[in-house]
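Walk through this structure with me.

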Amino acid sequence: MKHLISITDLDREDISYILKKAEEFEDVAMGKRKLRILEGKILGNLFFEPSTRTRMSFEVAMKRLGGDVINMTAQEASSVAKGETLADTIRVVSGYCDAIVIRHPLEGAARFAAENSSVPVINAGDGAGQHPTQTLLDLYTIKKECGRLDGITIALMGDLKYSRTIHSLIKALALFEMKIYLISPEALALPEDIIEDVGGEIKKARLEDVISEIDVLYVTRIQKERFPDEEEYRKVSGSYRITAETLKKAKDGMIVMHPLPRVDEIHPSVDATKHARYFQQSFYGVPVRMAILSEVML
Amino acid sequence: MKELVVSKIREGTVIDHINAGKALLVLRILKIQPGTDLTVSMAMNVPSKKMGKKDIVKVEGMFIQDEELNKIALISPNATINLIRDYEIERKFKVQPPEVVEEVLKCPNHACISNAEREPIKPRFYIKTEEMKVTARCHYCGRKIENLDDYIS
């Protein structure tokens, strides 16, 4: 049985295969072509933490391929959590459907779910741990928008300490020999053990020093609750805000990505520039998840 | 005159060359707990030519499985095992760190599913040894442990 738990379970070939498959589904994702390859299949969405776009994106991907979806929302999950173990919930729900998508606040929950499931499990985020489908759609975006994955220079900016998106992504970037710059306040720097694990070419930098060199600027949210006081948050978050002005020295083809939702780290003035790709990136989640769903269920 | 710190055993398992001060952790790894019926003797900080100081644990009347004994390598990679029969050493070997351990270590990450109460889950770790330094990585959350002594369950 195939599960998708961590990006580290995949090698370059696996990733390239999924991205290629996603490309074949892109017109289906846009509604330009009808496909019913998952007709009769049911996907169980188990969201123990609130999520709108990831859950919707999976739901759309499943429905565009002719399949059906059952949902357990965070609110329902909290009542389940009072009386039932995750192991039991998974054993029960895997009897109802052909694959499970899980988001859970505890790290490793998806791997544990897979061990208790009779159907494939896809990790849609486990605490500060992994979020492999986000990583795959990020890679797909880079490949589509920059034309390649190998040899890209990318800057990761914002909360690099707690962001599971970043932790997942950086491991995959290293597989494609990308040059990586880390731009963050010291308090939110990427943990040293992750830097050691990833290896490759990783450097801390300031955005103004590398803006003209990079192919991709990947921005993440700096969360208020990570700071002891609001004053400190304001000071830090202000210096990590992208505006159209910030991007003036960027290369023509440089793209700005963001896992969304954004708060104020990317000013709306950026939306109209040739660099903005975050909404496109969000759309790419659909064909990528179609590729993953068809891969685990067929 | 030489003084015998811990008497010889007739039959059983002797764990020698344990890093000084770690004998109690060895008992914990072997799940030898208060209330055990086994005859267990222990010596701590015994002078040793090779190690300066060492600990020794002797478990009378029981041949502990190699698989269990090898877990001692997590905290004391130089430990040696002597299996004794009729006061003679029947077999001697140095502990080898296992590749995977279950229910020996607990994950330091409070947000790891392996620490969730009531879940039927066995904490599992992948063990790596580099230049006598033993580290462990959680199967569930991926957290790396450098100082294994602190996380023996």
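A salt bridge is a side-chain nitrogen of Lys or Arg within 4 Å of a carboxyl oxygen of Asp or Glu. By that rule, the count between chain B and chain A is 1 salt bridge. Asp197(A) and Arg137(B) form a salt bridge, with their closest N and O atoms 3.2 Å apart.

Some ground rules come next. This is a predicted model, in which local features need pLDDT of at least 70 and side-chain atom pairs count only at pLDDT 80 or more, while totals for chains, interfaces and linings use all residues. Residues are numbered from 1 along each chain as its sequence is written, chains are lettered from A and ligands numbered from 1 in the order in which they are written, and side-chain values use heavy atoms, with hydrogens and water left out.

Stay with the two chains. In contact terms (heavy atoms within 4.5 Å), 15 residues of chain B meet 15 residues of chain A. Buried area is the accessible area (1.4 Å probe) that two parts lose on being put together, summed over both. For chain B and chain A this comes to about 1,300 Å², with 49% of it on carbon and sulfur atoms.

The side of chain B that touches chain A has 8 nonpolar, 2 polar and 5 charged residues. Here Ala, Val, Leu, Ile, Met, Phe, Trp, Tyr, Cys and Pro count as nonpolar, Asp, Glu, Lys and Arg as charged, and the others, Gly among them, as polar.

Now look inside chain A. The contact takes 31 residues from domain 1 of chain A and 25 residues from domain 2 of chain A.

Domain 1 of chain A and domain 2 of chain A bury about 2,400 Å² between them, 59% of it on carbon and sulfur atoms. On the domain 1 side of chain A, Ile7(A), Arg12(A) and His131(A) lose the most area to domain 2 of chain A, together 29% of what that side buries.

How many salt bridges cross the interface of domain 1 of chain A and domain 2 of chain A? The rule finds 4. A salt bridge also joins Glu49(A) and Arg164(A), whose closest N and O atoms are 3.8 Å apart. Between domain 1 of chain A and domain 2 of chain A, 14 residue pairs are in polar contact, both residues at pLDDT 80 or more.

Which elements build the domain 1 side? Among those of chain A that each supply at least two residues to the side of domain 1 touching domain 2 are α2 (53–64) and β4 (121–126). The largest share of that side, 8 residues, comes from α1(A). Helices (H or I, at least four residues) and strands (E, at least two) are DSSP runs, numbered from the N terminus.

Finally, consider salt bridges within a chain. Glu24(A) and Lys20(A) form one, with the closest N and O atoms 4.0 Å apart. They sit 4 residues apart in helix α1 of chain A, so about one helical turn separates them.

In chain B, Lys54(B) pairs with Asp16(B) in a salt bridge, the closest N and O atoms being 2.9 Å apart. Lys54(B) lies in strand β3 (residues 52–60) of chain B and Asp16(B) in strand β1 (residues 12–19) of chain B, so the pair ties together parts that are 38 residues apart in sequence. Buried means under 20% relative accessible area, exposed over 50%, partly exposed in between (1.4 Å probe, protein chains only). Lys54(B) is buried, at 11%. Asp16(B) is buried too, at 14%.

Technical notes. A polar contact is a pair of N or O atoms within 3.5 Å; within protein, one must be able to donate a hydrogen and the other to accept it, and residues adjacent in sequence count only if both atoms are side-chain atoms.
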